[in-house]
Amino acid sequence: MRSPIPDYLNAVLEKVRPNEDGKPAQYIKTLANADTSKLAVALVMVDGNVYSAGDDQVEFSIQSISKAFVYAIAIEDAGLEHVLEKIGVEPSGDAFNKLSLHKGNNRPMNPMINAGAIAAHSLVVHPDATAEERTDRILKAMSRLAGRQLYVDEEVYEAELEDADRNMGIGYMLKAAGIISCRPAEVVKGYIRQCSINVNVRDLAMMAATLCNAGVNPVTGEKIMPADSVRQVLSVMTTCGMYDAAGQWVSRVGIPAKSGVAGGVIGALPGQVGIAAFSPKLNDRGNSVRAVALFEQLSRDMGFHMMDVSQIARASVSTSVAKIVAGKEEPHHPNCDRRVVIFALRGAVRFAGSERLARAIVRELGEPDPKDPGSGEHRDACAIVVSLRDAFSLNLVAKRVIHESIKRLLAEGKTVVVIDPNSVLQMDLDSLPTSQHPQIVENEKEAREYIGGTGCSAVTQSDNW
């Protein structure tokens, strides 16, 4: 069985694709000529599972999304206290490239606008470092975050450098205000190089998932940044990451985020999932029109809004295997001595819980994967049980994922039994052919007897069976 999640992501892409509003960034030649048909999305769970759809291998420059990660690097290299002396954390309410500093202390308002990002870049390595040293440090760190070697797009760098007057002006303003001590032109060149690093949505989602995972890359397991730095970065992303649209973003989407003028947007939901989307056309605030729409859809469907407390996301999934022992009433039942796989969900199940269930089903019942010993071991099971006995609620997207997983099992000719005493699944059986209905029961005894006949029992190590 294939996971239903990539199909869902493709459906979301097609929903936002007709939106033709906006236009690519016009002040950088290479971005102005971008292929506006490109559209992609990726999710990376905190345990490293990756889902993506659309043009997920298309590379584009990271642009201002780099600001979040360079801010973290600056904190590591210079210390949070010193960084806060140089850069504030308040939303500016201004355009990202405005030449302005805080009237009281001359600090840039936050590290997500250009003035703050240039100041953060100057703190990487040490105050007297060259642009090359800082770029090398940043490129290596971002490659570790992405889990692969990244590189600077020289064409983008040269194009941005040609029209860098405003950023150069910001650099000299910072030098005059005493915020930076090194040569402004060197810092600005380094800042432009950091923005010219090429990525795809899978890279960005992995980088965002590392933030979600307390600074640990979910796939490589490498500790890349301290948890305190991650907390600081996520806090500033929440209030300042989408420029002067940050308030609307928090209200409508509710995920710490950062955008870039090449059309990328990342979102990092702590402890759950890193998200990235890409589409080149921007709105008047410099954010990708389709990517914003896509995030809004994901937030609504998946209950990703960080302030959503309608259901507390405490869910777990366990997998066990039972062997059917025939009862006296039906000693020759055809399922006698055959195996049953039981997937049990517990607590309030949201997207993360349903994703783990879908993944467990694919692993246990799909084709064996040589890279994953034990996968496909139970594909010949006589029945699959989905136990919702201890699940007290499912949100909308969890229901969709579980419904689709069950439908796909039934379409493959599997026998599926759902233990649902509290009717939390609410599956629309009328939409399915009669031959593809799951058996929905109240308890384990009913499930066992449906599978193995009256009076049968099961030998298992699970307390749920």
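Visitor: Which helices each supply at least two residues of the lining of the largest cavity?

Guide: A cavity, on a 1 Å grid over the protein atoms alone, is a set of points where a 1.4 Å probe fits but cannot get out, and lining residues have an atom within 4 Å of a point. Here helix 3 and helix 6 each supply at least two residues of that lining, and helix 6 gives the most, with 4 residues. Helices are DSSP runs of H or I, at least four residues long, numbered from the N terminus. This is a predicted model, in which local features need pLDDT of at least 70 and side-chain atom pairs count only at pLDDT 80 or more, while totals for chains, interfaces and linings use all residues. Residues are numbered from 1 along each chain as its sequence is written, and side-chain values use heavy atoms, with hydrogens and water left out.

Visitor: How many cavities of 30 Å³ or more are there, and what lines the largest cavity?

Guide: A volume is the space filled by probe spheres set on the points, which are joined across faces, edges and corners. The search of the whole structure finds 2 cavities of 30 Å³ or more, and about 50 Å³ of space lies in the largest cavity. Its lining consists of F69, I73, E76, R137, A141, R144, L145, I224 and M225. By class, 6 of these are nonpolar, none is polar and 3 are charged (Ala, Val, Leu, Ile, Met, Phe, Trp, Tyr, Cys and Pro count as nonpolar, Asp, Glu, Lys and Arg as charged, and the others, Gly among them, as polar).

Visitor: At what angle do the axes of helix 3 and helix 6 cross?

Guide: Axes are lines fitted to C-alpha atoms, for helices over the stretch in contact, and angles run from 0 to 180 degrees between N-to-C directions. The axes of helix 3 (residues 66-78) and helix 6 (residues 131-146) come within 11 Å and cross at roughly 115 degrees. These two helices are therefore roughly perpendicular to each other (65 to 115 degrees; under 35 counts as roughly parallel, over 145 as roughly antiparallel, and the rest as oblique). Across their contact (heavy atoms within 4.5 Å), S66, F69, V70, I73, E76 and D77 in helix 3 meet R137, I138, A141, M142 and L145 in helix 6. That contact has 7 nonpolar, 1 polar and 3 charged residues.

Visitor: How does helix 6 pack with helix 9, and is the crossing left-handed or right-handed?

Guide: A crossing is left-handed if the near helix is turned anticlockwise from the far one by less than a right angle, and right-handed if clockwise. Helix 6 and helix 9 (residues 184-195) pack at about 25 degrees, with their axes 9 Å apart, and are therefore roughly parallel to each other. Helix 6 passes helix 9 in a right-handed crossing. The contact is made by A131, R134, T135 and I138 of helix 6 and E186, V187, G190, R193 and Q194 of helix 9.

How values were computed:
1 Å grid on protein atoms, 1.4 Å probe; cavity = no way out; pocket = protein on both sides within 12 Å on 5 of 7 lines; lining within 4 Å.
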